[in-house]
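Colleague: I'd like to learn how to read a model like this one. Could you walk me through it, feature by feature?

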Amino acid sequence: MTLSKRLLTALDLVPKGAVVFDVGSDRGDFLLALERRGIACYGGENKKGPYEGLRRNLDENGSMAKAFLQDGIDFLPPDVNFLTILGMGGWTIQGILERGRERLSPIKGLVISPQSNFEGPISLLQELGYENVGGCYVFERHYYPILLYRKAMGRLLPLEEAERKFGLFPLANGDPLLREFLLEKRANIDALPEEGKRVRLKERELIEQAIGLMDERPREKRIP
């Protein structure tokens, strides 16, 4: 079993002592990797076929992880205190969190990896009182953020627009792959005809804001 870069990065962000519910576990390879690190975990799939495949793979590998057939976090075992929601679109992750708001009170932290619409779950987690305290960007044919959140102890500082779009921690820490991503996006816009540049002017301004935030020193006061 070989995990992708994204899953390996997410694995390294899960703290010791966490009891994890992994949403959309696929075959369960991530759950098996968590168990090998001594982390208790559960997994969920929302369709019968993938759920049966998940349960079978866990059983064949002697896993203690329990699989659930359910949508999102409609149910969480009482000992769960950490979520991983990986490899889904941002709208999907946002929807899972929105529908499960009332079940988040025992959740001390999360790792998310949206494939698109990064801003949706980033903004929602800020609203729900979670702060981005870790993570980075990973390149696997495309650039993806892997973001660690923990429940904040107090009031959070408002996010700037670029921080909502790309993530506070990677920006504040000058993540090299995020910078590469931003420079590539800017170059693509600059190569467009004038009409295309005008259409994407707002996007380019946001990219410039993000690069500016990365270049600010020091930014320790913004790092949770």
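**Reading the model**

Modeller: Helices here are DSSP runs of H or I with at least four residues, strands are E runs of at least two, and both are numbered from the N terminus. Keep in mind that this is a predicted model, where local features need pLDDT of at least 70 and side-chain atom pairs count only at 80 or more, while totals for chains, interfaces and linings use all residues. Residues are numbered from 1 along each chain as its sequence is written, and side-chain values use heavy atoms, with hydrogens and water left out.

Colleague: Which residues of helix 5 are buried?

Modeller: Buried means under 20% relative accessible area, exposed is over 50%, and partly exposed is in between, with a 1.4 Å probe and protein chains only. In helix 5 (residues 119-127), the buried ones are Gly 120, Pro 121, Ile 122, Leu 124 and Leu 125. They pack against helix 4 (90-99), strand 5 (109-114), strand 6 (130-140), strand 7 (142-151) and helix 6 (161-166).

Colleague: Why is helix 2 largely enclosed by the rest of the structure?

Modeller: Count its buried residues: six of the eight in helix 2 (residues 29-36) are buried, so the rest of the structure largely encloses it. Those are Asp 29, Phe 30, Leu 31, Leu 32, Ala 33 and Leu 34. Their packing partners include helix 1 (5-13), strand 1 (19-23) and helix 3 (48-60). Helix 2 is followed by Gly 38, with a positive phi near 80°.

Colleague: At what angle do helix 2 and helix 3 pack?

Modeller: For any helix pair, axes are lines fitted to C-alpha atoms over the stretch in contact, and angles run from 0 to 180 degrees between N-to-C directions. Helix 2 and helix 3 pack at about 30°, with axes 10 Å apart. On the helix 2 side, Asp 29, Leu 31 and Leu 32 meet Leu 54, Asn 57 and Leu 58 of helix 3, where contact means heavy atoms within 4.5 Å.

Colleague: Is Asn 57 buried or exposed?

Modeller: Asn 57 has 7% relative accessibility, so it counts as buried. Leaving aside neighbours within four places in sequence, Asn 57 is in contact with Arg 27, Gly 28, Asp 29 and Leu 32. From Asn 57 to Gly 89 there are 32 residues in sequence and 25 Å in space, C-alpha to C-alpha.

Colleague: How do helix 8 and helix 10 cross?

Modeller: The axes of helix 8 (residues 176-190) and helix 10 (residues 201-215) come within 10 Å and cross at roughly 150°. The two are therefore roughly antiparallel; the cut-offs are under 35 degrees for roughly parallel, over 145 for roughly antiparallel, 65 to 115 for roughly perpendicular, and oblique for the rest. This crossing of helix 8 and helix 10 is left-handed. Among the residues in contact are Leu 178 and Arg 179 of helix 8, and Glu 203 and Arg 204 of helix 10.

Colleague: And how many helices and strands does the chain have?

Modeller: The chain comes to 10 helices and seven strands. Of its 224 residues, 50% count as buried. Residues 24 or more positions apart account for 67% of the contacts with a separation of 6 or more.

Note on methods:
A crossing is left-handed if the near helix is turned anticlockwise from the far one by less than a right angle, and right-handed if clockwise.
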